[in-house]
Amino acid sequence: MGQNPVHAAAVVGLQWGDEGKGKLVDLLAGKYRAVVRYNGGANAGHSVVVGGERYSLHLVPSGILSPSCEAVIGNGVVVDPLRLLEEIQTLKSRGVDTKRLVISDRAHVVMPYHKAEDAAREELLSTTTESGADDTTKKVISAIGTTKRGIGPAYADKINRSTAIRIGDLVRADVLRTKLDMICGLKNAILGAIVGEGFEPFDAEEITTQMIECGKELAPMIKDTAYLLDDLRKEGQPILFEGANATMLDVDHGTYPFVTSSNSSALGIGPGSGVPPQCIDQIIGVVKAYSTRVGGGPMPTELFDSIGDGIRERGREFGTTTGRPRRVGWLDLVAVKYSAMVSGATELCITLLDVLAGEPELKIATAYSIDGNTSERFIPDGHALEHAEPVLESMPGFSEDITAARTFDELPTNAKAYIHRIEEFVGVPVRTISVGPDREQTIMCDTPSHAVCTN
Ligand code: GDP
Ligand code: IMO
Ligand code: MG
């Protein structure tokens, strides 16, 4: 990481989410004038620990915890106004100044019927495949294991256009009422058919009143954030983008269909913020020292044994958003190398390295074997990837507690070798190593070359 902030940098997950992006963004935010979310919604759960105090951020950018930073929710985010207001309230009650929060007038709104549709579709797909479907059908048609935050249905309406509501609409009562009258009729017909008996139709008037109230509260924060970011750039102010979800969950480049509904790689920054791609000069790919995944879909290195259970317990691998236990596996460098390519990572940040302490042997996937053929190429297809067996390389582990290490040299030799192997395989330098959840528990490898990691 350079000493001076660059004009626009991004923090992006290179696995299946929960890599520790929130911690890194919080750590860097003080150097930036604005921290910008450009994708996803309340499906994200970013934990930040400051002085032993834990904050869970879902819609509000992690930069809110840095007093000099504007926290910007860009147009690419889908915003549940009820959850956002709740989150703002929680932050305020903990003494955080939320006046620096800005929301794009063009961000799309997650409505109550989106959450109902998300839950109904997941329920329908899981019960359909549980009862009577053969194994092939179960694999081909199955629930995604979404967070049920209404993300997919809200993005679908954005693409459908005529049934979408944007944040700017919340402060135009007449437009909102007319739109919601039409939309609720349509949603009730569709949802009634999916849910069947017991479905309680949505009341357009009730939702309109609720949303107008939200609009009133959010009004001072609603702005054209593309112009706001352009103004900051013209003033030479540094900007940090905070990726939500992760590259493996990108709707175009991840393990489709087991992905989220936005471009959650670095490729989503331009469309999700209005900042053109050539302005971003530093992309920090965040990589957990092992793999985790929440929800359905393939995960070639998944562990089903006591090693996986141990890592889950030590790493407190339970979802920030849904509380679900995360699936755990060895580090999959085939996936990470591909993600670094797609997201254009210029450097890596390795997180949760401390969690691996005590494992006598560490394994990393450096290729996949499919039908007897070995390949170093990732397969960005959720169904084809099911057939991939990881080719695992073994490395000696380390037993020392590393949570107090603050320089690369303080790490045990085997931990250094592990970092070095990641750099070598992915071909991108490791500039930051996280050895605990707190801001201070971080090693900055400031030397601008791999030299720092050659032991
Ligand atoms: P995000 O979604 O990428 O921001 O990650 P989450 O916050 O959902 O999950 C990461 C979890 O790991 C959180 O509980 C963090 O507090 C924690 N964490 C982050 N970095 C480290 C680390 O280096 N070591 C340990 N033990 N925990 C970490
Ligand atoms: P952060 O930002 C981990 C996963 C869900 C599910 C799939 C689709 O905290 O890293 P969705 O609700 O988006 O339609 O769910 O994507 N998912 C995440 N997993 N971390 C996240 O965010 C995630 N956001 C979505 O578990 O498998
Ligand atoms: Mg998370």
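1. Ligand 2 is surrounded by 20 residues, of which Lys21, His46, Thr147, Asn245 and Thr260 are the closest (near means a heavy atom of the residue within 4 Å of the molecule). By type, this shell holds seven nonpolar, ten polar and three charged residues (Ala, Val, Leu, Ile, Met, Phe, Trp, Tyr, Cys and Pro are nonpolar, Asp, Glu, Lys and Arg charged, and the others, Gly among them, polar).

2. Please keep in mind that this is a predicted model, where local features need pLDDT of at least 70, side-chain atom pairs need 80 or more, and totals for chains, interfaces and linings use all residues. Residues are numbered from 1 along each chain as written, chains are lettered from A and ligands numbered from 1 in written order, and side-chain values use heavy atoms, without hydrogens and water.

3. Which side chains reach the oxygen atoms of ligand 2? A polar side-chain atom of threonine 147 is 2.5 Å from one oxygen atom, histidine 46 places one at 2.7 Å, and asparagine 43 has one at 2.9 Å (polar contacts here are N or O pairs within 3.5 Å). The protein covers 97% of the 550 Å² of accessible area that ligand 2 has on its own (Shrake-Rupley method, 1.4 Å probe).

4. Ligand 2 sits in the largest pocket (more than half of its atoms lie within 2 Å of the pocket's grid points). That pocket has a volume of about 940 Å³ (the space filled by probe spheres set on the points). Its lining has 45 residues, with Ile144, Thr146, Val259, Thr260 and Ser261 closest to the centre. A pocket is an open set of points on a 1 Å grid where a 1.4 Å probe fits, with protein on both sides within 12 Å along at least five of seven lines, and lining residues have an atom within 4 Å of a point.

5. The lining of the largest pocket draws most on α3, with five residues (helices are DSSP runs of H or I, at least four residues; strands are E, at least two). Its residues divide into 16 nonpolar, 18 polar and eleven charged.

6. Ligand 1 takes up the second largest pocket. Its shell has 19 residues, Lys21, Gly45, Ser47, Asp354 and Ser434 being the closest, and α1 gives the largest share, three residues.

7. For ligand 1, a polar side-chain atom of serine 434 is 2.5 Å from an oxygen atom, while a backbone N or O atom of glycine 436 lies 3.0 Å from one. Alone, ligand 1 exposes 580 Å², and the protein buries 95% of that.

Key: Polar contact = N/O pair within 3.5 Å; in protein donor to acceptor, adjacent residues only side chain to side chain.
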